[in-house]
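Biologist: Could you walk me through this model? I would like to go through the helices and a few of the residues.
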Amino acid sequence: MSSSMESSRRNGDVMQDMNLAEDQIKALEENFMKVSKQPDEATLMLIAAECGLSEEDTAKWFKLRYSKWRTSEGLPAVCGSVKD
């Protein structure tokens with residue numbers, strides 16, 4: 001298995017382990033697609049409050065979701081790669 005597939009699989013497993021409710025996932029996805037894929041601290045705080053999650057859990061979700069999105073776009077999972 002390639003490293004990008006392994007990374008994607010691990011990220012998906014971790015996201016499932018977060019045990020988020022369907023409405024929380026929907027709100028997070030909407031913010032990811034419409035507001036920002038990498039929200040700043042103030043935006044994260046607002047999204048966390050909207051979803052009823054801690055800022056840490058919200059930031060973790062966005063980090064994992066961003067990595068998953070980059071992989072789906074054919075990019076390395078982590079920014080700053082020489083391959084970017």
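Modeller: A definition comes first: helices (H or I, at least four residues) and strands (E, at least two) are DSSP runs, numbered from the N terminus. K68, for instance, is found in helix α4, which covers residues 55–72. Please keep in mind that this is a predicted model, in which local features need pLDDT of at least 70 and side-chain atom pairs count only at pLDDT 80 or more, while totals for chains, interfaces and linings use all residues. Residues are numbered from 1 along each chain as its sequence is written, and side-chain values use heavy atoms, with hydrogens and water left out.

Biologist: How many helices and strands are there in the protein?
Modeller: The protein has four helices and zero strands, and from the N terminus on its elements run α-α-α-α.

Biologist: Back to K68, then: how exposed is K68?
Modeller: K68 is partly exposed, at a relative accessible area of 39%, where buried means under 20% relative accessible area, exposed over 50%, and partly exposed in between (1.4 Å probe, protein chains only). Its C-alpha atom is separated by 9.6 Å from that of V78, ten residues apart along the chain.

Biologist: Which residues of α4 are buried?
Modeller: The buried residues of α4 are T58, W61, F62, L64, R65, Y66, S67, R70 and T71. In the protein, 32% of the 84 residues count as buried.

Biologist: And what span does α4 reach?
Modeller: From its first C-alpha to its last, α4, with 18 residues, reaches 25 Å, which is close to the 26 Å expected at 1.5 Å a residue; the expected span is 1.5 Å times one less than the number of residues.

Biologist: How about F62, what does F62 touch?
Modeller: Leaving out residues up to four places away in sequence, F62 touches L28, N31, F32, S36, K37, P39, L44 and I47, contact meaning heavy atoms within 4.5 Å. F62 counts as buried because its relative accessibility is 4%, and its C-alpha atom is separated by 8.1 Å from that of L28, 34 residues apart along the chain.

Biologist: At what angle do α2 and α4 pack?
Modeller: They pack at an angle of about 60°, with their axes 11 Å apart; axes are lines fitted to C-alpha atoms, for helices over the stretch in contact, and angles run from 0 to 180 degrees between N-to-C directions. That makes α2 oblique to α4, since angles under 35 degrees count as roughly parallel, over 145 as roughly antiparallel, 65 to 115 as roughly perpendicular and the rest as oblique. The contact is made by L28, E29, N31, F32 and M33 of α2 and by T58, W61, F62, R65, Y66 and W69 of α4.

Biologist: What about α2 and α3, how do their axes cross?
Modeller: The axes of α2 (residues 22–34) and α3 (residues 41–51) come within 9 Å and cross at roughly 155°, which means that α2 is roughly antiparallel to α3. On the α2 side the contact is made by Q24, A27, L28 and N31, and on the α3 side by I47, E50 and C51.

Biologist: Changing topic, where is N19, and what is its phi?
Modeller: N19 is in the loop between α1 (3–17) and α2, and its phi is near 50°, a positive value in a residue other than glycine. Most residues other than glycine have a negative phi. N19 counts as exposed because its relative accessibility is 67%.
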